[in-house]
Amino acid sequence: MAGQQLQVLNALDVAKTQWYHFTAIIIAGMGFFTDAYDLFCISLVTKLLGRIYYHVEGSSKPGTLPPNVSAAVNGVAFCGTLSGQLFFGWLGDKLGRKKVYGMTLMMMVVCSIASGLSFGHSPKSVMATLCFFRFWLGFGIGGDYPLSATIMSEYANKKTRGAFIAAVFAMQGFGILAGGIFAIIISSAFKARFYAPPYYVNASASTVPQADYVWRIILMVGALPALLTYYWRMKMPETARYTALVAKDAKQAASDMSKVLQMDIEAESQKVEKISQSKAKFGLFSKEFLRRHGLHLLGTTTTWFLLDIAFYSQNLFQKDIFSAIGWIPAAKTMNAIEEVFRIARAQTLIALCSTVPGYWFTVFFIDKMGRFAIQLMGFFFMTVFMFALAIPYDHWTHKENRIGFVVMYSLTFFFANFGPNATTFVVPAEIFPARLRSTCHGISAASGKLGAIVGAFGFLYLAQNQDKTKADAGYPAGIGIRNALLVLGGINALGFLFTFMVPESKGKSLEEMSGENEDEAAEGEGSSYNNRTVPVAQVGLG
């Protein structure tokens, strides 16, 4: 079946793990580090923005962002990310991974700095400017998803490819952690330098004028890691799979990879020509793509969509959990900068105990257990823990049971990260043809971001108390947290079922998964093999 496998691609597939693999992980991973920092740092400063710009004189509680402003500030970057994933995913297949990679990074640098410089004479104009730059920041971040995954998958060897792509994604955990740690440092420094009383003692003095610098500095620092890796991204050669299979430049592919692998590789121009002539170059919207990869694309988009609904709904419970275990006291008992410090400390602890370990468990086990098994296991345990939180919800609300609630909650998100949150990122970079790989990953990722928008904002309204008088200020009545948790449990169960559409790619070359290098005689047989999605069914055929 691999009769036409190019020497340059085979060399990459069988290469021993070496320094260039780690260089690629760091270069692509620093992009993801920045993405996570930029996307999640806004949640550290939204309370501060409310105190600075929406303070109500004489109110017993500190100012907060109105629901529509809060949704815009928190959600506009997600909308930008979704658009960027589709656009840059498509562009990465048209212009090449490397060219587009630099564009996304510069966009992230410029928009991070611009977000911190948001200007205006009124609260409305400051928020509008912030939202404008956060949208374009998200647009740049969106491009990083398909490009980082595709570049890493095309550079990796087939034995440890899953771990390498998962390691790039795992840098997201360190980005969230860095955001929390930096916010702790900045808020501590400002708190020590500028004394302010708690809100209930003196409402207007509790927010010092210098607090306006705190959120701006936190947002702008997101530009630094991206800026530091720009030079290395530009020095990285285009991937051999794009150069040989899409750009059809065998000589360039062999020359680039000879330097990277430090070995002589034959150019094989005739073989590239033969592959490009013998294969019907079907497009994304063709019947042939639908026949070969339609189910796969449906599987990757639905599982990522369902996972992100559950994953991004976590902000519903964080404030309750943090308050319940005393990490964040009542807002009126703190000054503005103290509140930033407490929120950052809580987010850092959650990242340290639950988020980061889950990612790295995936890195260590993905090439042993396989993508399919990890994703299935993750969705299964997320379903179990969501129902375990929802069914006896009243039991968890009692003070003596709150620690149990936190443990169950942490386990849910541990299995999201040691499960579908990582595998939904890895698999779309492995199972589609090189000329459509970045596009299909972008479509899958955009579907995930749509789920994130539903999870973060749809559920914010949905989970409100059924009694309108007990709902948060400005929100209509919802179905209550217990019912919202039951719905989330059902969503995770659906994710479990849709996982059966996704093929197992462990230990196979990218061309084997996509059927790109089969010769004419093996084409019919090979494509039926690759269209079998459930790995269990493949065992007998292997």
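Q: In this predicted model, what does buried mean?
A: The term rests on relative accessible area. Over 50% counts as exposed, and in between counts as partly exposed. Buried means under 20%.

Q: Is tyrosine 312 buried or exposed?
A: Tyrosine 312 has 8% relative accessibility. The cut-off for buried is under 20%. Tyrosine 312 therefore counts as buried.

Q: How many aromatic pairs does the structure hold?
A: A pair of aromatic rings is described by the distance of the centres and the angle of the planes. Ring centres must lie within 6.5 Å to pair. The count for the structure is 42.

Q: Why is the pair of phenylalanine 78 and tyrosine 312 edge-to-face?
A: The ring centres of phenylalanine 78 and tyrosine 312 are 5.2 Å apart. Planes over 60 degrees apart count as edge-to-face. Here the planes of phenylalanine 78 and tyrosine 312 stand at 80°, so the pair is edge-to-face.

Q: Which parts does the pair of phenylalanine 78 and tyrosine 312 tie together?
A: The two residues are 234 residues apart in sequence. Phenylalanine 78 counts as buried, at 8% relative accessibility. Phenylalanine 78 lies in α4 (residues 67-95) and tyrosine 312 in α13, so the pair ties together helices α4 and α13.

Q: What is the angle between the planes of phenylalanine 311 and tyrosine 312?
A: Phenylalanine 311 is buried, at 5% relative accessibility. Its ring forms an edge-to-face pair with tyrosine 312, 5.4 Å centre to centre. The angle between their planes is 75°.

Q: Which element gives the largest share of the lining of the second largest cavity?
A: The second largest cavity holds about 70 Å³ of space. Its lining includes Phe311 and Tyr312. The elements that give two or more residues are α7 (161-193) and α13 (287-312). The largest share, four residues, comes from α13.

Q: How many residues of the lining of the second largest cavity are nonpolar?
A: Among the lining residues are Tyr145, Phe169 and Trp304. Two residues of the lining are polar and two are charged. The nonpolar residues number six.

Q: Over which ring does the charged end of arginine 233 sit?
A: The charged end of arginine 233 is 3.5 Å from the ring centre. The ring belongs to tyrosine 101.

Q: How many disulfides are there?
A: A disulfide needs two cysteine sulfur atoms within 2.5 Å. The sulfur of cysteine 111 is 13 Å from the closest cysteine sulfur, in cysteine 41, too far for a bond. The count comes to zero.

Key: Residues numbered from 1 in each chain as written. Predicted model: local features only at pLDDT ≥ 70, side-chain atom pairs only at ≥ 80, totals over all residues. Heavy atoms only, no water. 1 Å grid on protein atoms, 1.4 Å probe; cavity = no way out; pocket = protein on both sides within 12 Å on 5 of 7 lines; lining within 4 Å. Points joined across faces, edges and corners; volume = space filled by probe spheres on them. Nonpolar A, V, L, I, M, F, W, Y, C, P; charged D, E, K, R; others polar. Phe/Tyr/Trp six-rings, centres within 6.5 Å; stacked < 30°, edge-to-face > 60°. Buried < 20%, exposed > 50% of the residue type's maximum accessible area, 1.4 Å probe, protein only. Lys NZ or Arg CZ within 6 Å of the ring centre and 35° of its normal.
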